[in-house]
Amino acid sequence: MCMIRGCSQWTRYFYKRPCSSFYSVEKVVISLGGSVVNPGTLNVQFLRAFCAVVRRHAKKKQIVVVTGGGTTAREYMAAVEDKGSYAQSILGIECTQLHALLVSYFFGKREQVPRTMGELRKLLRTSTFIICGGFPESLGTTSDGTAAEIAKLMGARRFINVTNVKGLY
């Protein structure tokens, strides 16, 4: 059976890519700011509401949610300022991945969190809903930049930036 809800075609078993109806879905990237996920303490109420809204609008869409690191990432990165930009970038990326894992639990998608751009590309071929953070291949880039790169890669028609800060860090 095809992975797309409501599709009766069986092509998934015969080909490595999903059936043709997969390519007609609207593609959306949501950049979910880390400071929204954790504005000082985890915002569980927001995460539940976000999950409900995304689920309500997810039909006939391919959605990628890219989580940011927020204050958590900035604090970790500041702690290793004397270790250089590479150490800071790695810690920032790991914070975005931690937030992605947290958000994935709210959606029940824990096994679907890619850790590299290559893993994401594979999932884009077969999945209609993906949650991820930043990637090591994007060192020195914000999660908003990574989300924009993903939007370009998948040909997204919509890019939604969910934030509570006035700029990019």
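Reader: Which residue in β3 is the bridge partner of Ile63?

Author: The model is predicted, with local features requiring pLDDT of at least 70 and side-chain atom pairs pLDDT 80 or more, while totals for chains, interfaces and linings use all residues. Residues are numbered from 1 along each chain as its sequence is written, and side-chain values use heavy atoms, without hydrogens and water. Strands are DSSP runs of E with at least two residues, and helices are runs of H or I with at least four, numbered from the N terminus. Strand β2 (residues 61-67) is joined to β3 by four bridges in the parallel sense, and the partner of Ile63 in β3 is Phe129.

Reader: In what order do the four strands form the open sheet?

Author: Two strands count as paired if DSSP finds at least two bridges between them. The edge strands, pairing on one side only, are β3 (129-132) and β4 (158-162). The pairing is parallel, and the order is β3-β2-β1-β4.

Reader: What angle does the direction of helix α6 make with that of β1?

Author: Axes are lines fitted to C-alpha atoms, for helices over the stretch in contact (heavy atoms within 4.5 Å), and angles run from 0 to 180 degrees between N-to-C directions. Helix α6 (residues 143-154) packs on the sheet and touches β1 (26-32), β2, β3 and β4. Its direction makes an angle with that of β1 of about 175°.

Reader: Is Thr96 buried or exposed?

Author: Thr96 lies in helix α4 (residues 85-107), and its contacts include Gly133 and Gly134. Buried means under 20% relative accessible area, exposed over 50% and partly exposed in between, with a 1.4 Å probe and protein chains only. Because its relative accessibility is 7%, Thr96 is classed as buried.

Conventions:
Lists of a residue's contacts leave out its neighbours within four places in sequence.
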